Amino acid sequence: PRVSADGEQVVFTALGDLWLIDRKGRTTQLTDDPFVDIDPVWHPDGERILFASDRGGSLQLWSLSLANGDSKALTRLEGAVYAPALSPDGHTVAFLETQGRNVWGPVALHTLSLQDGTQQKLATALFSPGRPSWLSPQRLITTTLAGLSNRFREGKNRIIQFDTISGEQQTFPFAESIEVGTRINHGPEVDASGTRIAAATAAGITLYDLLAKPDPVPTVPGGASVAPSFDRQGRLTYLDADELRRLDPQTGEVETWPLALQWTVPSQDNDYVIQAGRVFDGVGTQYRRHMDIHVRGQRILAVVPRGSLPSPKRVIDAQDLTIVPGLIDMHVHLREPGREDKETIETGSRSAVAGGFTSIACMPNTSPVNDCEAITRFILEKAHNANLANVFPVGAITKESRGTELAEIGEMYK
């Protein structure tokens with residue numbers, strides 16, 4: 001979620017679309033299409049939203065007019081583009097671009113002039129960077145993960161400052177004093193005056209006064225707090241687990257935005273048939289063409305050649321598509337137990353089946369680590385109660401994943 005300059009609206013992503021919510025809790029859906037729209041950010045004029053979307057075939061930067069709903073592609077780069085951040089004057093947007101297969105490889109930092117289309121690449125090998133943020137119309141900061149050991153992704157975020165005129169980069173002067181989490185929405189986020197920074201950490205949201213070089217303002221408690229953004233008045237809006245809050249740094253007062261967001265799976269009680277162009281069932285080595293898949297009560301009744309059974313009233317036309325068995329994801333993070341503020345076994349399983357993944361293997365880096373029978377059994381019971389995807393817990397090889405003593409692998413296997 002990102003707050004508007006006047007502090008009266010927040011733009012956010014839900015179910016792959018863009019939405020607005022105002023201070024009274026009223027929501028407006030901005031996009032409604034099959035594409036994935038993420039990372040929305042306000043233009044300072046309040047009339048446009050910049051966001052990342054795959055509506056052009058790959059994840060690129062787009063602009064959406066709030067007046068007429070028209071969208072326009074701003075980039076056409078080889079990598080996936082995400083995390084846009086607009087300069088205070090609204091003339092330039094900074095953004096990230098993957099240089100490898102995904103965000104866990106090297107990431108480039110670009111700027112794009114919205115006036116003449118000039119592009120500049122400021123960095124090519126950032127690792128796990130945060131969303132860029134502007135100190136002034138020509139200076140911005142972002143983070144890169146500095147490794148502390150040979151373990152993958154173990155380290156601390158280092159803040160780097162870039163001069164968009166000269167292209168020079170240097171370690172941010174206050175980098176050692178400012179702690180920042182290692183995820184895209186942890187910050188650092190600079191306010192409109194360029195004198196205060198907000199960052200999300202394990203303890204919550206911390207404000208830093210750069211004029212005090214920098215003196216941290218008391219932390220907003222809550223380890224689930226992420227996505228800080230400032231309005232023009234310097235008020236800080238952030239997401240605290242499933243609640244949207246606003247902090248006035250001058251008074252310390254925290255307000256909660258009214259939220260009444262609900263979504264339920266559409267009922268599928270009535271019979272229907274999917275008319276598939278091709279079906280691969282995993283039994284044979286060839287596609288089965290022109291097949292009907294009959295469904296009742298969310299269960300497949302039959303897979304038969306077209307027209308072999310009477311057609312129910314509801315027909316889904318997939319004659320130009322291929323139907324395959326449920327996919328398997330061998331590396332997911334369900335976060336439960338311990339970090340239910342980020343994900344649960346139920347919500348992760350629901351996301352999996354929504355994307356066609358009916359079996360998932362969850363990693364053991366929970367809190368506590370899945371290194372014993374009790375934690376493994378807990379995960380299996382939660383998955384059984386959710387009754388969504390098949391969940392296969394991956395056990396830690398060593399106790400607490402410390403690499404010093406073998407875990408009870410035999411007990412977990414049972």
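**Ground rules.** The model is predicted, so I took local features at pLDDT of at least 70 and side-chain atom pairs at pLDDT 80 or more, while totals for chains, interfaces and linings use all residues. Residue numbers run from 1 along each chain as its sequence is written, and side-chain values use heavy atoms, with hydrogens and water left out.

**Salt bridges.** I searched the whole structure and got 18 salt bridges, counting a side-chain nitrogen of Lys or Arg within 4 Å of a carboxyl oxygen of Asp or Glu.

I looked up D37 and R55 and found their side chains joined in a salt bridge at 2.8 Å, N to O. D37 sits in strand β5 (residues 37–42) and R55 in the loop between β6 (48–53) and β7 (60–65), so the bridge ties together parts 18 residues apart in sequence. For these labels, helices (H or I, at least four residues) and strands (E, at least two) are DSSP runs, numbered from the N terminus. Buried or exposed, these two? Both D37 and R55 are buried; my scale is buried under 20% relative accessible area, exposed over 50% and partly exposed in between (1.4 Å probe, protein chains only).

My next pair was D45 and R48, whose closest N and O atoms are 3.2 Å apart in a salt bridge. D45 is partly exposed at 35% relative accessible area, and R48 is partly exposed at 29%.

I then checked R350 and E346, which meet at 3.1 Å, N to O. They are 4 residues apart in helix α1 (residues 345–354), which means about one helical turn separates them. R350 is partly exposed at 34% and E346 is partly exposed at 42%.

I also noted a network of salt bridges linking R23, R246 and E255.

**Surface patch.** Which residues form a nonpolar patch on the surface? I got I397, L406 and I409, with about 320 Å² of accessible area together (Shrake-Rupley, 1.4 Å probe; for residues, only the protein chains shown count as cover). Patch residues have over 30% relative accessible area and no salt bridge, with nonpolar side chains (Val, Leu, Ile, Met, Phe, Trp, Tyr) joined within 5 Å and like charges within 9 Å. L406 lies in the loop between β31 (390–393) and α3 (409–413), and it is exposed at 59%.
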